[in-house]
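Thanks for coming. I will walk through one structure, starting with its sheet and then turning to the helices and the core.

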Amino acid sequence: MRFVLFLSLPLYVLDQVTKWCALHYVTPDEPRIIIPEFFTLVFITNTGAAFGSFKNNNLFFIALSCAALIFVVTLLLRKHPGDPLRDISLALLLGGIMGNLTDRLLHGHVIDFLLFDLHVPFAHPWPAFNVADACICAAVVFFIIHSFRQEKNTAASTAS
């Protein structure tokens, strides 16, 4: 549990500090180009979910975030054999949920500010996101890897 807090709390703080900087130093009508045609700092508010879907449902996403937070904390408090990949996934998810939930409670929307243009179909540009979103996406990737490893280990042990 301590390991999870040492990872999730700094990520939460990084998310909030970077959003504060975006709020104070980037205006919606004046994006800051960092790497021309690739990376720009923008200021976008999002009352919906990923990629701006389900807009104007902030209360629903507050409730969903609270339920997810309770679920993650419950998983963390349950006794389980040590599994670093699972713990990293939960820590990333915890930091991401807390970051976006804080925005929704304080501002009534999530602050997105990182905009990449990958110059490929469906990612030209990639929708704006934030540190919390990146944590949640990384957590999902780690959970998928973890589940494949679990399946492989289960298949290997049943074959023996």
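What you see is a predicted model. I begin with the sheet. It is open, has three strands in the order β1-β2-β3, and its pairing is antiparallel. The strands at the edges are β1, residues 32-35, and β3, residues 110-116, and each of these pairs on one side only. On average, neighbouring strands in this sheet are turned by 35° against each other, direction ignored.

Now the pairing of β1 with β2. Strand β2 covers residues 39-46, and its antiparallel pairing with β1 runs over three bridges. Which residue of β2 stands opposite Ile-35? That is Phe-39. Ile-33, in turn, stands opposite Thr-40 in β2. The hairpin made by β1 and β2 has three residues between the strands, and Glu-37 there takes a positive phi near 60°.

Next, the helices against the sheet. Helix α1, residues 2-25, packs on the sheet and touches β1, β2 and β3. The direction of α1 makes about 85° with that of β3. Helix α3, residues 84-107, lies across β2 and β3, and runs at about 125° to β3.

That leaves helix α2, residues 58-77. At 1.5 Å a residue, its 20 residues should span 28 Å, and the C-alpha atoms at its ends are 28 Å apart, so the two values agree. Which residues of α2 are buried? They are Asn-58, Phe-61, Ile-62, Ser-65, Val-72, Leu-75 and Leu-76. These residues cover an arc of only 150° around the axis, which means that they sit on the same side of α2. The buried residues of α2 pack against α1 and α3. On the face turned away from that buried side, α2 carries the exposed residues Leu-59, Phe-60, Ile-70, Phe-71 and Leu-77.

In soluble globular proteins, nonpolar side chains tend to be buried together. Here the largest nonpolar core has 22 residues, and Val-72 and Leu-76 touch the most other members. Which element gives the largest share? Helix α3 does, with six residues.

Terms used:
Residues numbered from 1 in each chain as written. Predicted model: local features only at pLDDT ≥ 70, side-chain atom pairs only at ≥ 80, totals over all residues. Heavy atoms only, no water. Pairing = 2+ DSSP bridges. Helix = DSSP H or I, 4+ residues; strand = E, 2+ residues; numbered from the N terminus. Axes fitted to C-alpha atoms, helices over the stretch in contact; angles between N-to-C directions. Contact = heavy atoms within 4.5 Å. Expected span 1.5 Å × (residues − 1). Buried < 20%, exposed > 50% of the residue type's maximum accessible area, 1.4 Å probe, protein only. Arc of directions from axis to C-beta. Core = buried A, V, L, I, M, F, W, Y, C linked by side-chain atoms within 4.5 Å.
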